[in-house]
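Subject: A structure to look through

Dear colleague,

I am passing on a structure that I would like you to open beside this message and follow as you read. Please take your time with each part, and turn the view as you go.

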Amino acid sequence: MHSLPLFLRLTGQPVILLGEGEAAAAKLRLIERAGARAVGEDDPAARLAFVALDEPEAAAARLRARGLLVNVVDRPELCDFTVPSLLERGPVLIAVGTGGVSAGLAKALRLRLEALLPASLGALAEGLGAVRGRLRARWSDAGDRRRALDTALVAGGMLDPLDADSAGRVEQWLDGAADGAGQLVELRLRSDDPDDLTLREARWLGQADLLLLDEAVPPAILARARADAARHPLGGAVQPGSGLTVIIRRG
């Protein structure tokens, strides 16, 4: 990845903003939308800075020398961080970034996602948050809990995020959800290109608890798997558990 995506909590925090005009005004709106306070360059408590100047190099260097992370408008080569195009559905926040290469492309993708995601998505997230204690009581094991949610949230599932009515079914789902059973599937690679994976295969990788790997499985394929999935060589002593185990073979 060219950047590490992070969500920073800035409520009440000072953020330095240098500049005037529409570019600075846009950053001010962003700062205030995040609940932060725009301050001048001399604020010692600030950790982030936005620079919207015609000649930003000196200001960016001063701020960076103080240990601040700096964003320079329209100058990605001077940025420690870039600002993605944002889609907000209540507590659900989706960020589309291109590392500063093309803000127009990021915006176009965000607008396409706006049309796909129902307004009720935030209510679904809030509903799941409200029953977190009951989820832990029902499935004390984190893996079992995640698998139950995975089953409910898949396309066509009871809590399908793209279904506008799913937010109203959280209680019904929790009352009737069945405990997940172990599953073993095999994925045979047709190429080293992850784009050649089928939708089902990509879903397996995204949900797998354990990966049993043939030799030299390409890193690009493994990047599509859950980061916290256990990984072991195929043929070892590891036994599949109660979750989803995916065997990955070449050819």
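In helix H1, the buried residues are Ala24, Lys27 and Ile31, and please keep in mind from the start that this is a predicted model. These three cover an arc of only 60° around the axis, which puts them on the same side of H1. In general, an α-helix has 3.6 residues a turn, so residues three or four places apart point the same way. On the other side of H1 you will find Glu22, Glu32 and Arg33, which are exposed. The helix itself runs over residues 21–33 and reaches 18 Å from its first C-alpha to its last, close to the 18 Å expected at 1.5 Å a residue. What do the buried residues of H1 pack against? Their partners are strand E1 (14–19), strand E2 (37–39), strand E3 (48–52) and strand E4 (69–72). After H1 comes glycine 35, which has a positive phi, near 85°.

The next helix to look at is H4 (residues 121–130), where Leu121, Gly122, Leu124, Gly127 and Leu128 are buried. Among the elements that cover these residues are strand E5 (85–89), strand E6 (92–96) and helix H5 (132–138), together with H6 and H7. E5 and E6 run antiparallel and are joined by 5 bridges, and within this pairing serine 85 has valine 96 of E6 as its bridge partner. The hairpin of these two strands has 2 residues between them, and glycine 90 takes a positive phi near 60° there.

Between helix H6 (142–153) and helix H7 (170–176) there is a loop, and serine 166 lies in it. Is serine 166 buried or exposed? Its relative accessibility is 1%, and because residues under 20% are classed as buried, serine 166 counts as buried. Leaving aside its neighbours within four places in sequence, serine 166 is in contact with Leu124, Met158, Leu159, Asp160 and Pro161, and Leu124 is one of the buried residues of H4.

Please turn now to the sheet, which is open and made of 4 strands in the order E7-E10-E8-E9, with parallel pairing. Its edge strands are E7 and strand E9 (230–233), each of which pairs on one side only. Neighbouring strands are turned by 20° against each other on average, with direction ignored. E8 and E9 are joined by 4 bridges, and leucine 212 has histidine 232 in E9 as its bridge partner. H8 packs on this sheet and touches E7, E8 and E10, while its direction makes about 125° with that of E7.

In soluble globular proteins, nonpolar side chains tend to be buried together. The largest core here has 17 residues, of which Leu187, Leu189, Leu205, Leu211, Val217, Val246 and Ile248 touch the most other members. Strand E7 (183–189), helix H8 (199–207), strand E8 (210–213), helix H9 (219–222) and strand E10 (244–250) each supply at least two residues of this core. If neighbours within four places in sequence are left aside, valine 217 is in contact with Leu189, Leu222, Ile248 and Arg250. A second, separate core has 16 residues, including Leu87, Leu117, Leu124 and Ala148.

With best wishes

Technical notes
Residues numbered from 1 in each chain as written. Predicted model: local features only at pLDDT ≥ 70, side-chain atom pairs only at ≥ 80, totals over all residues. Heavy atoms only, no water. Core = buried A, V, L, I, M, F, W, Y, C linked by side-chain atoms within 4.5 Å. Buried < 20%, exposed > 50% of the residue type's maximum accessible area, 1.4 Å probe, protein only. Contact = heavy atoms within 4.5 Å. Pairing = 2+ DSSP bridges. Axes fitted to C-alpha atoms, helices over the stretch in contact; angles between N-to-C directions. Expected span 1.5 Å × (residues − 1). Arc of directions from axis to C-beta.
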